[in-house]
Amino acid sequence: MAGVVVFDLDGTLADTSGDLIAAANACFTARGLPALLDPKGDALTAFHGGRAMLRAGYARLPEGWLLPPDAEEQDYPRLLENYGAAIATHTRLYPGVETALERLAGQGHALAVCTNKPEALAETLLRELGIRETFASLIGADTLPVRKPDPRPYQAAVIAARPGARSFLIGDTETDRKTAAAAGVPVALVTFGPEGEAIARLAPEALLHHFDDLPDLAADWLT
(Lines give C-alpha, C1' and ligand atoms only; values in the text may rest on other atoms or scores of the structure.)
Protein backbone atom coordinates (compact mmCIF):
# COMPACT_ATOMS: atom_id res chain seq x y z
CA MET A 1 0.00 0.00 0.00
CA ALA A 2 1.32 3.44 -0.89
CA GLY A 3 1.96 5.93 1.90
CA VAL A 4 2.96 9.53 2.56
CA VAL A 5 6.42 11.00 2.10
CA VAL A 6 6.79 14.17 4.19
CA PHE A 7 9.47 16.70 3.31
CA ASP A 8 11.11 19.50 5.21
CA LEU A 9 11.64 22.49 2.89
CA ASP A 10 14.72 24.60 3.65
CA GLY A 11 17.89 22.58 3.26
CA THR A 12 15.95 19.50 2.14
CA LEU A 13 14.02 20.29 -1.02
CA ALA A 14 15.85 23.51 -1.82
CA ASP A 15 18.97 25.43 -0.88
CA THR A 16 17.37 28.62 0.43
CA SER A 17 20.37 29.85 2.40
CA GLY A 18 21.41 32.62 -0.01
CA ASP A 19 18.05 34.38 0.09
CA LEU A 20 17.64 33.87 3.84
CA ILE A 21 21.04 35.35 4.60
CA ALA A 22 20.44 38.26 2.22
CA ALA A 23 17.26 39.06 4.16
CA ALA A 24 19.12 39.04 7.47
CA ASN A 25 21.99 41.11 6.11
CA ALA A 26 19.49 43.69 4.88
CA CYS A 27 18.37 44.12 8.50
CA PHE A 28 21.95 44.75 9.58
CA THR A 29 22.74 47.21 6.80
CA ALA A 30 19.52 49.10 7.58
CA ARG A 31 21.08 49.77 10.99
CA GLY A 32 24.27 51.06 9.38
CA LEU A 33 26.12 47.81 10.04
CA PRO A 34 28.05 45.76 7.50
CA ALA A 35 26.64 42.52 6.13
CA LEU A 36 27.46 40.31 9.13
CA LEU A 37 26.62 36.88 7.68
CA ASP A 38 28.36 34.95 4.93
CA PRO A 39 26.14 33.19 2.36
CA LYS A 40 28.32 30.08 2.35
CA GLY A 41 29.84 29.97 5.81
CA ASP A 42 26.55 30.65 7.58
CA ALA A 43 24.31 28.39 5.50
CA LEU A 44 23.68 26.00 8.39
CA THR A 45 22.62 28.90 10.63
CA ALA A 46 20.19 30.02 7.93
CA PHE A 47 18.44 26.66 8.05
CA HIS A 48 17.82 27.12 11.78
CA GLY A 49 15.61 30.12 11.14
CA GLY A 50 15.44 33.89 11.03
CA ARG A 51 16.03 34.50 14.72
CA ALA A 52 19.09 32.25 14.67
CA MET A 53 20.54 34.34 11.84
CA LEU A 54 19.87 37.61 13.65
CA ARG A 55 21.51 36.36 16.84
CA ALA A 56 24.53 35.11 14.90
CA GLY A 57 24.90 38.53 13.34
CA TYR A 58 24.47 40.40 16.61
CA ALA A 59 27.27 38.29 18.08
CA ARG A 60 29.62 39.80 15.46
CA LEU A 61 28.93 43.46 16.03
CA PRO A 62 31.92 45.70 15.30
CA GLU A 63 33.63 47.12 18.36
CA GLY A 64 31.74 50.01 19.86
CA TRP A 65 28.35 49.10 18.38
CA LEU A 66 25.39 48.77 20.73
CA LEU A 67 21.92 47.57 19.83
CA PRO A 68 18.63 48.34 21.59
CA PRO A 69 17.44 45.56 23.92
CA ASP A 70 14.53 44.78 21.59
CA ALA A 71 16.61 44.66 18.40
CA GLU A 72 15.59 41.10 17.62
CA GLU A 73 11.88 41.87 17.98
CA GLN A 74 12.33 44.90 15.72
CA ASP A 75 14.37 43.09 13.09
CA TYR A 76 12.54 39.77 12.84
CA PRO A 77 9.43 41.18 11.10
CA ARG A 78 11.74 43.18 8.81
CA LEU A 79 13.67 40.02 7.98
CA LEU A 80 10.45 38.25 6.99
CA GLU A 81 9.42 41.22 4.87
CA ASN A 82 12.83 41.35 3.18
CA TYR A 83 12.73 37.63 2.55
CA GLY A 84 9.22 37.65 1.14
CA ALA A 85 10.19 40.39 -1.31
CA ALA A 86 13.07 38.33 -2.77
CA ILE A 87 12.24 34.75 -1.87
CA ALA A 88 13.62 32.93 -4.91
CA THR A 89 16.47 35.08 -6.18
CA HIS A 90 19.25 32.64 -5.26
CA THR A 91 17.18 29.63 -4.14
CA ARG A 92 17.43 26.46 -6.19
CA LEU A 93 15.94 22.98 -5.87
CA TYR A 94 18.52 20.33 -5.06
CA PRO A 95 19.47 18.08 -7.99
CA GLY A 96 16.94 15.37 -8.74
CA VAL A 97 14.05 16.80 -6.73
CA GLU A 98 11.52 17.11 -9.55
CA THR A 99 12.25 13.67 -10.99
CA ALA A 100 12.04 12.06 -7.53
CA LEU A 101 8.69 13.73 -6.82
CA GLU A 102 7.32 12.48 -10.13
CA ARG A 103 8.52 8.94 -9.44
CA LEU A 104 7.08 8.94 -5.93
CA ALA A 105 3.71 10.10 -7.25
CA GLY A 106 3.94 7.40 -9.91
CA GLN A 107 4.37 4.82 -7.14
CA GLY A 108 1.09 6.07 -5.69
CA HIS A 109 2.56 7.89 -2.69
CA ALA A 110 1.06 11.14 -1.42
CA LEU A 111 3.53 13.95 -0.80
CA ALA A 112 3.50 16.55 1.97
CA VAL A 113 5.62 19.41 3.31
CA CYS A 114 6.16 20.06 7.02
CA THR A 115 8.36 23.09 7.58
CA ASN A 116 9.24 25.63 10.24
CA LYS A 117 9.02 28.36 7.61
CA PRO A 118 5.84 30.48 7.99
CA GLU A 119 3.08 28.89 5.92
CA ALA A 120 2.49 31.85 3.60
CA LEU A 121 6.19 32.08 2.75
CA ALA A 122 6.37 28.33 2.18
CA GLU A 123 3.37 28.53 -0.16
CA THR A 124 4.97 31.36 -2.10
CA LEU A 125 8.33 29.65 -2.39
CA LEU A 126 6.94 26.31 -3.53
CA ARG A 127 4.90 28.10 -6.19
CA GLU A 128 7.94 30.12 -7.31
CA LEU A 129 9.87 26.86 -7.62
CA GLY A 130 7.04 25.32 -9.63
CA ILE A 131 6.35 22.34 -7.37
CA ARG A 132 3.46 23.40 -5.09
CA GLU A 133 0.84 21.34 -6.91
CA THR A 134 2.88 18.19 -6.30
CA PHE A 135 2.09 18.27 -2.59
CA ALA A 136 -1.21 17.18 -1.10
CA SER A 137 -0.62 19.14 2.10
CA LEU A 138 1.57 21.86 3.58
CA ILE A 139 2.03 22.62 7.27
CA GLY A 140 4.11 25.65 8.18
CA ALA A 141 5.52 27.10 11.38
CA ASP A 142 2.33 29.04 12.11
CA THR A 143 -0.30 26.63 10.77
CA LEU A 144 -0.73 25.17 14.25
CA PRO A 145 0.04 26.65 17.69
CA VAL A 146 3.13 24.39 17.81
CA ARG A 147 5.97 23.69 15.39
CA LYS A 148 8.58 20.96 14.84
CA PRO A 149 10.01 19.12 16.74
CA ASP A 150 6.55 18.78 18.27
CA PRO A 151 5.06 15.84 16.34
CA ARG A 152 1.67 17.45 15.74
CA PRO A 153 2.61 19.44 12.61
CA TYR A 154 4.03 16.27 11.07
CA GLN A 155 0.92 14.31 12.00
CA ALA A 156 -1.30 17.04 10.56
CA ALA A 157 0.61 16.95 7.29
CA VAL A 158 0.10 13.19 7.02
CA ILE A 159 -3.61 13.34 7.91
CA ALA A 160 -4.24 16.09 5.36
CA ALA A 161 -2.41 14.13 2.66
CA ARG A 162 -3.72 10.61 3.31
CA PRO A 163 -5.28 9.76 6.69
CA GLY A 164 -4.07 6.55 8.27
CA ALA A 165 -1.27 5.93 5.79
CA ARG A 166 2.25 4.86 6.71
CA SER A 167 4.73 7.71 6.41
CA PHE A 168 8.28 8.90 6.90
CA LEU A 169 10.14 12.20 6.99
CA ILE A 170 12.93 13.60 4.81
CA GLY A 171 14.91 16.34 6.55
CA ASP A 172 18.29 17.91 7.13
CA THR A 173 18.62 18.96 10.78
CA GLU A 174 18.40 17.75 14.34
CA THR A 175 14.92 19.28 14.47
CA ASP A 176 13.78 16.81 11.82
CA ARG A 177 15.43 13.93 13.65
CA LYS A 178 13.60 14.85 16.85
CA THR A 179 10.32 15.37 15.02
CA ALA A 180 10.43 11.89 13.52
CA ALA A 181 11.33 10.33 16.86
CA ALA A 182 8.44 12.14 18.57
CA ALA A 183 6.03 11.01 15.85
CA GLY A 184 7.31 7.43 15.93
CA VAL A 185 8.29 7.34 12.24
CA PRO A 186 11.60 6.83 10.43
CA VAL A 187 13.60 9.75 9.06
CA ALA A 188 16.08 10.03 6.21
CA LEU A 189 18.49 12.94 6.55
CA VAL A 190 20.10 14.44 3.46
CA THR A 191 23.89 14.58 3.17
CA PHE A 192 23.95 17.37 0.56
CA GLY A 193 23.03 20.11 3.04
CA PRO A 194 25.49 22.29 4.98
CA GLU A 195 26.43 19.52 7.42
CA GLY A 196 27.23 17.06 4.64
CA GLU A 197 28.10 13.54 5.79
CA ALA A 198 28.45 14.83 9.36
CA ILE A 199 24.66 14.62 9.65
CA ALA A 200 25.21 10.90 10.25
CA ARG A 201 26.02 11.86 13.87
CA LEU A 202 22.25 12.01 14.46
CA ALA A 203 21.88 8.30 13.63
CA PRO A 204 18.83 8.55 11.34
CA GLU A 205 17.23 5.42 9.96
CA ALA A 206 18.73 6.35 6.58
CA LEU A 207 21.00 8.87 4.91
CA LEU A 208 19.92 10.31 1.56
CA HIS A 209 22.89 11.12 -0.66
CA HIS A 210 20.88 12.08 -3.76
CA PHE A 211 17.21 12.38 -4.59
CA ASP A 212 17.65 9.64 -7.19
CA ASP A 213 17.74 7.20 -4.25
CA LEU A 214 14.48 8.35 -2.65
CA PRO A 215 11.92 6.33 -4.65
CA ASP A 216 13.70 3.07 -3.77
CA LEU A 217 13.76 4.09 -0.11
CA ALA A 218 10.04 4.83 -0.21
CA ALA A 219 9.39 1.47 -1.82
CA ASP A 220 11.25 -0.23 1.03
CA TRP A 221 9.63 1.72 3.85
CA LEU A 222 6.06 2.23 2.62
CA THR A 223 5.16 -0.88 0.64
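Buried means under 20% relative accessible area, exposed over 50%, and partly exposed in between (1.4 Å probe, protein chains only). These legends describe a predicted model, where local features need pLDDT of at least 70 and side-chain atom pairs count only at pLDDT 80 or more, while totals for chains, interfaces and linings use all residues. Residue numbers run from 1 along each chain as its sequence is written, and side-chain values use heavy atoms, with hydrogens and water left out.

**View A. Arginine 127 and glutamate 133 pair up in a salt bridge.** Their side chains meet at 2.8 Å, N to O. To count as a salt bridge, a side-chain nitrogen of Lys or Arg has to sit within 4 Å of a carboxyl oxygen of Asp or Glu. Arginine 127 is partly exposed because its relative accessibility is 49%, and glutamate 133 comes out as exposed at 66%. The structure holds 16 salt bridges.

**View B. Aspartate 42 and arginine 60 bridge two loops.** The side chains meet in a salt bridge of 2.8 Å, N to O. Aspartate 42 belongs to the loop between α1 (17–30) and α2 (43–46), and arginine 60 to the loop between α3 (50–58) and α4 (71–85), so the pair ties together parts that are 18 residues apart in sequence. Helices here are DSSP runs (H or I, at least four residues), as are strands (E, at least two), and both are numbered from the N terminus. Is aspartate 42 buried or exposed? With a relative accessibility of 6%, aspartate 42 is buried; arginine 60, at 39%, is partly exposed.

View C. Arginine 177 is buried at 17% relative accessibility, whereas glutamate 205 is partly exposed at 44%.

**View E. Helix α5 has a buried face.** In α5 (residues 97–106), the buried residues are Val97, Ala100, Leu101 and Leu104. Looking down the helix axis, the buried residues of α5 fall within an arc of 100°, so they line one face; the arc is taken from the directions from the helix axis to the C-beta atoms. On the other side of α5, Glu102 and Gly106 are exposed.

**View F. A negative patch shows on the surface.** Asp212, Asp213, Asp216 and Asp220 gather there. Patch residues have over 30% relative accessible area and no salt bridge, and like charges are joined within 9 Å. Asp213 lies in the loop between β8 (206–208) and α9 (214–222), and is partly exposed at 40% relative accessibility.

**View G. The loop between β5 and α7 holds alanine 141 and proline 149.** This loop runs between β5 (137–139) and α7 (151–161). Alanine 141 is buried at 8% relative accessible area. Alanine 141 and glutamate 119 are 22 residues apart in sequence and 6.2 Å apart in space, C-alpha to C-alpha. Lysine 148 and proline 149 are joined by a cis peptide bond, with omega about 15°.

**View H. Alanine 203 has a positive phi.** Its phi is near 50°, and alanine 203 is in the loop between β7 and β8. Most residues other than glycine have a negative phi, and most peptide bonds are trans.

Notes. Patches are made of residues with over 30% relative accessible area and no salt bridge: like charges are joined within 9 Å, nonpolar side chains (Val, Leu, Ile, Met, Phe, Trp, Tyr) within 5 Å. Accessible areas come from the Shrake-Rupley method with a 1.4 Å probe; for residues, only the protein chains shown count as cover. Lys and Arg count as positive and Asp and Glu as negative; His and the chain ends are not counted. The place of a charge is taken as NZ of Lys, CZ of Arg, CG of Asp or CD of Glu.
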